[in-house]
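Welcome, and thanks for joining this short tour. Please open your viewer and get ready to select a few residues along the way.

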Amino acid sequence: MWTRTLAALLLLLTPVPALASGLPAAPPESLGFSPDRLARIDDAMQRWVDDGKLAGVTIAIARDGKVAYQHSAGMADIARQRPMADNTLVRIYSMTKPITAVAVMMLVEEGKLRLNDKLSDHLPEFLDMKVATGDGPNGIVTEPAKQPIRIFHLLTHTSGMTYALYDTTPVGKLYDENDVMNAGRSTAEFVKLVASLPLMAQPGTQYNYGVSIDVLGRLVEVVSGQPFDVFVEQRITGPLRMDDTSFAAKDKTSRLAELYGPGPDGAPAPLVNEVWNPDYIDGSPFKSGGGGMVSTVGDYLRFAQMLLNGGELDGVRLLSPKTVQLMTTGQISHERRGYMLVGLPGYDMGLTMAVLEDVGESHLPGSAGEFNWAGAASTHFFVDPKEKIVAVLITQMFPDQYKMRQELKNLTYQALVKSGAD
């Protein structure tokens, strides 16, 4: 008995390496996870690949700042027979949004912005906005905006802006006709175009997913005096040692996963994304704060862990704990959440991230206060402050396979056998 106990203690004390520049690893038992139950995740991931749902996938789960589980299955590039790996680069699309929110909140902390500021105080293009009220014989009928767009409207997707891909309203069609997300424009040109188009709803009246966070990328440029990508690299990804997270893969293209979509037979097929297709190799003029970055599972673990830690990681502090608390607190009244409630029941919207309010209503295991977001190519992450858990899933299947979010939560919590409440 003493021999087994001594062996277990030595195992816990043995130094463990960091995983692909992410976080240090530790035996799962020491972090409250069952190895046998974690093995179920291996089986699930392989099943997704074998069933043709995904080409390849990596999942990493950390607790108390240490990785309990990290595994890959399938291919990053089927044609080239390149396996999914810890250092595989993926387009994280909307998982760029929380990074942009951190940039904005850093400027708020420095006193250069206030969440209640009028957007037009910094970007005059948005001074006299029109709001669509219907579709008439001569085009869209509009009325003047009844209140100005404010910074917190952008962060909560209540600005009245939209996305063409998700919006079939007259305004959504107008965004499509004007090719709003064309990556050949500069960030400044993008903002001028968006400001010239009507809003689909009055500012502050309802949740509507859209280009709000892309506009915030331009706001960061104007307020900081730096190009958005330079600010992000110098102030966020560089200090956090997120060395593989950027707006261009450049000399790392051999690690960039292929982008897939459902083929004619439902199996993954290479996808030419003609809707939103910034140059992820050399970089596009448009630095999309809403969806333009590439990253790895290890890098995004570090970013999420920084949020879990209240704005700090490895001695590098980006934000204060109270600022992170504000970002991860629900901001929208129930009646204004709109279609958000359909995809994310039980959740409110924080500052660019969904925040779990009602575990029962979500129909998923978890903790009140958990926050998360996802990307259009089915990437996903969540942070559970109560259990001190961070989980990241990366893959490249477009459009977003929403069930992956549910699977990640179910698989993570079924393996957790020692709760923080125990």
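## Stop one: a serine in a loop

Select S284, which is buried because its relative accessible area is 8%, under the 20% limit. Keep in mind as you look around that this is a predicted model. S284 sits in the loop between β8 (268-270) and β9 (294-295). Now show its side chain: the side chain of S284 reaches the backbone nitrogen of D279 at 2.4 Å.

## Stop two: a pair of helices

Next, select residues 97-109, which form helix α3, together with residues 212-224, which form helix α7. How are two packed helices described? By the angle between their axes and the distance between the axes. Here the angle is about 35 degrees, and the axes of α3 and α7 lie 10 Å apart. The crossing of α3 past α7 is left-handed.

To see the contact itself, show these side chains:

- on α3: K97, T100, A103, V104 and L107
- on α7: I213, L216, G217, V220, V223 and S224

Of the residues in this contact between α3 and α7, seven are nonpolar, three polar and one charged.

## Stop three: a lysine in another loop

Finally, select K388, found in the loop between β15 (380-384) and β16 (389-395). Is K388 buried, exposed or partly exposed? K388 counts as partly exposed, because its relative accessibility is 43%. Leaving aside residues up to four places away in sequence, K388 touches A62, R63, D64 and L308.

Notes
Residues are numbered from 1 along each chain as its sequence is written. This is a predicted model: local features need pLDDT of at least 70, side-chain atom pairs count only at pLDDT 80 or more; totals for chains, interfaces and linings use all residues. Side-chain values use heavy atoms; hydrogens and water are left out. Axes are lines fitted to C-alpha atoms, for helices over the stretch in contact, and angles run from 0 to 180 degrees between N-to-C directions. Helices (H or I, at least four residues) and strands (E, at least two) are DSSP runs, numbered from the N terminus. A crossing is left-handed if the near helix is turned anticlockwise from the far one by less than a right angle, and right-handed if clockwise. Contact means heavy atoms within 4.5 Å. Ala, Val, Leu, Ile, Met, Phe, Trp, Tyr, Cys and Pro count as nonpolar, Asp, Glu, Lys and Arg as charged, and the others, Gly among them, as polar. Buried means under 20% relative accessible area, exposed over 50%, partly exposed in between (1.4 Å probe, protein chains only). A polar contact is a pair of N or O atoms within 3.5 Å; within protein, one must be able to donate a hydrogen and the other to accept it, and residues adjacent in sequence count only if both atoms are side-chain atoms.
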